Amino acid sequence: MAFEISWEQRANSYGVDDRVAVLADAENRLEIWPALGLNAFRWQVAGQELLYRNPQFFTENRPTRGGFPILYPFPNRIHAGQFTWEGKTYHPPIGDPANKNAIHGFAFKRAWRVVDQGADAAGAWLTGEFQGSVDAPETLAFWPADYRLRVSYRLFDHVLRVEAEATNPDTKALPFGLGYHPYFALAPFGGAQAAITVGARKFWELNESLPTGRIVDVDESRDLRQGRQYASLKLDDVLTDLQAFAYDQQDNLGLVGVIRHPAGERMLTLWIGADFRELVAFTPPHREAICLEPYTCTTDAINLMQRGIDAGLRVLQPGESWQGIVEMHLSS
């Protein structure tokens, strides 16, 4: 069976378009919800569910609690929902669990437009676009410039590739960060016995989930370079100084994360482009998933930049674009 794209409906309580795109062949399946942040909430290979979504995913109204949320134009938190850029102060809405900070940008819960889709014998793809002035004009008051992001999901046999292109459509400079918040299901990898490996040598010191500005060497609880059993982990950390275990020279991707079944039955590998310089490692309270989240910048980067700290914030001049790639491979 060759790859193909179809559309199905999912009843939900969000009050948004219920159509989801299904990219599939006989062994691989990816379900994407354009109206809910272009979230690829289901990735299935050979009967294994590789992405966790909570049982109330369609009714709980918490789109960043499952699947593959896209965080843009900033990932994670902005302190107190406030920052100053070129002399003007902005107030993105507060929305984190502590009700103290802005969180995860503007794109994760809004509708994206599908601008391309297709399939052939090798794979299937779908591209969505989100632009502030077009899709969420109310957010322009919260950010220094208009912003546009295109994300393409490309499904191949045992491989999910995510391509992003950020563009500045404005006449002013655009600061931005991009992050992904995948929930990798543990069940296919032995549950709590799964081995988690991340090639990070340092982490950002946090105070109430916000970086102090200090980067320090990983301690015993955060050092995942030799692999650690999930049962021993309790993480909510921004890891950095990433060291790849292997490289894909063709696409300039580095292997930085591994989820491995203890008996060697299967393994998921995470490959990222060099511009994804941070990786958030998070163990959700339900303990059914591990989040290994590639970020182009750290939490609160736009405020850290004002303090002269290299936090990874990227700035596009009018008309400029940036591209980045993340891939996930399942082997067995």
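Strands here are DSSP runs of E with at least two residues, numbered from the N terminus, while helices are runs of H or I with at least four residues. What you have open is a predicted model, in which local features need pLDDT of at least 70, side-chain atom pairs count only at pLDDT 80 or more, and totals for chains, interfaces and linings use all residues. Residue numbers start from 1 along each chain as its sequence is written, and side-chain values use heavy atoms, with hydrogens and water left out.

**Stop 1: the five-stranded sheet**

Now widen the selection to β1 through β5. These strands form an open sheet in the order β1-β2-β3-β4-β5, with antiparallel pairing; two strands pair if DSSP finds at least two bridges between them. Which strands stand at the edges? They are β1 (4-9) and β5 (48-49), and because each has a single partner strand, one side of each is left without a neighbour in the sheet.

Walk across the sheet pair by pair. β2 (residues 19-24) runs antiparallel to β3 (residues 28-33), with four bridges between them. Pick Ala-24 and look across to Arg-29, its bridge partner in β3. Moving on, β3 and β4 are joined by six bridges and run antiparallel. Five residues separate these two strands in a hairpin, and Gly-37 in the turn has a positive phi of about 70°.

Next, colour β4 (residues 39-45) by accessibility. This strand is mostly covered, with seven of its seven residues buried, where buried means under 20% relative accessible area, exposed over 50%, and partly exposed in between (1.4 Å probe, protein chains only). Two bridges pair β4 with β5 in the antiparallel sense, and the hairpin they form has two residues between the strands, with Ala-46 in the turn at a positive phi of about 50°.

**Stop 2: aromatic pairs**

Show the aromatic side chains. Rings of Phe, Tyr and Trp (its six-membered ring) pair if their centres lie within 6.5 Å; planes under 30 degrees apart count as stacked, over 60 as edge-to-face and the rest as tilted. How many aromatic pairs does this rule give? The count is 23. One of them joins Phe-41 and Phe-58 edge-to-face, at 5.5 Å centre to centre and 85° between the planes. Phe-41 sits in β4 and Phe-58 in the loop between β5 and β6 (70-71), so this pair links distant parts of the chain, 17 residues apart.

Then select Tyr-72 and Phe-176, a tilted pair at 5.8 Å centre to centre and 55° between the planes. Tyr-72 is in the loop between β6 and β7 (77-78) and Phe-176 in strand β15 (residues 174-176), so the pair ties together parts that are 104 residues apart in sequence. Tyr-72 is buried at 0% relative accessible area, and Phe-176 is buried at 0% too. While at Tyr-72, check the next peptide bond: Tyr-72 and Pro-73 are joined in cis, with omega about 5°.

For a charge over a ring, pick Arg-222, which lies over the face of Phe-203 at 4.2 Å from the ring centre. The rule asks for NZ of Lys or CZ of Arg within 6 Å of the ring centre and within 35 degrees of the ring normal.

**Stop 3: two residues with positive phi**

Glu-86 has a phi near 50°, a positive value in a residue other than glycine. Find Glu-86 in the loop between β8 (83-85) and β9 (88-90); at 66% relative accessibility, it is exposed. Asp-241 also has a positive phi, about 55°, though it is not a glycine. Asp-241 is in strand β22 (residues 236-242) and is partly exposed at 28%.

**Stop 4: the largest pocket**

Finish at the largest pocket, whose volume is about 870 Å³. Of its 36 lining residues, the closest to the centre are Thr-64, Arg-65, Pro-97, Ile-103 and His-104. On a 1 Å grid over the protein atoms alone, a pocket is an open set of points with protein on both sides within 12 Å along at least five of seven lines, a cavity is a set where a 1.4 Å probe fits but cannot get out, and lining residues have an atom within 4 Å of a point. Grid points are joined across faces, edges and corners, and the volume is the space filled by probe spheres set on the points.

Colour the lining by class: 16 nonpolar, eleven polar and nine charged residues. Ala, Val, Leu, Ile, Met, Phe, Trp, Tyr, Cys and Pro count as nonpolar, Asp, Glu, Lys and Arg as charged, and the others, Gly among them, as polar. Last, select β26 (278-282) and β27 (289-295), which each supply at least two lining residues.
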